[in-house]
Amino acid sequence: MDSEILDKDQKIALLLNWEWDVKLEEVAEEENMTANIPDTLPEIKAALKKLGITTDIDHTSSNKCGGL
């Protein structure tokens, strides 16, 4: 989060991609596919919030992964 190597837009893109990957892994686990994932979504969402990004609940996707 505090790294100066990446700019704000790069950090946001990285976190959004990471969030999507975690959600896909959760769907796979829900569908009885083997997955051993830590619960990192709260940390990802907190980092995004710190960067000014929040989930727009009114405009999310209806699929299992949700949307941003």
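Modeller: What follows is a set of questions about the labels and the values behind them.

Colleague: What kind of model is this, and how many helices and strands are there in the protein?

Modeller: The model is predicted. The protein has two helices and zero strands. Of its 68 residues, 25% are buried.

Colleague: Why is helix 1 called roughly antiparallel to helix 2?

Modeller: Helix 1 covers residues 8–30 and helix 2 covers residues 41–50, and they pack at an angle of about 155°. Angles over 145 degrees count as roughly antiparallel, so helix 1 is roughly antiparallel to helix 2. Their axes lie 10 Å apart, and the crossing is left-handed.

Colleague: Which residues make the contact?

Modeller: Helix 1 contributes I12, L15, L16, W18, E19, V22, K23 and E26. From helix 2 come L41, I44, K45, A47 and L48.

Colleague: What makes you say that the buried residues of helix 2 line one face?

Modeller: The buried residues are L41, I44, A47 and L48. Viewed down the axis of helix 2, they fall within an arc of 130°, and therefore line one face of the helix.

Colleague: Which exposed residues does the face of helix 2 turned away from its buried side carry?

Modeller: That face carries E43, K49 and K50.

Colleague: Why does L48 count as buried?

Modeller: L48, which lies in helix 2, has a relative accessibility of 4%. The cut-off for buried is under 20%, so at 4% L48 counts as buried.

Colleague: What does L48 touch, leaving out residues up to four places away in sequence?

Modeller: L48 touches I12, L15, L16, E19 and I53. L48 and E19 are 29 residues apart along the chain, and their C-alpha atoms are separated by 9.8 Å.

Colleague: Among contacts between residues at least 6 apart in sequence, how many join residues at least 24 apart?

Modeller: In this protein the share is 56%.

Technical notes. Residues numbered from 1 in each chain as written. Predicted model: local features only at pLDDT ≥ 70, side-chain atom pairs only at ≥ 80, totals over all residues. Heavy atoms only, no water. Axes fitted to C-alpha atoms, helices over the stretch in contact; angles between N-to-C directions. Helix = DSSP H or I, 4+ residues; strand = E, 2+ residues; numbered from the N terminus. Parallel < 35°, antiparallel > 145°, perpendicular 65-115°, else oblique. Left-handed = near helix turned anticlockwise from the far one by under 90°. Contact = heavy atoms within 4.5 Å. Buried < 20%, exposed > 50% of the residue type's maximum accessible area, 1.4 Å probe, protein only. Arc of directions from axis to C-beta.
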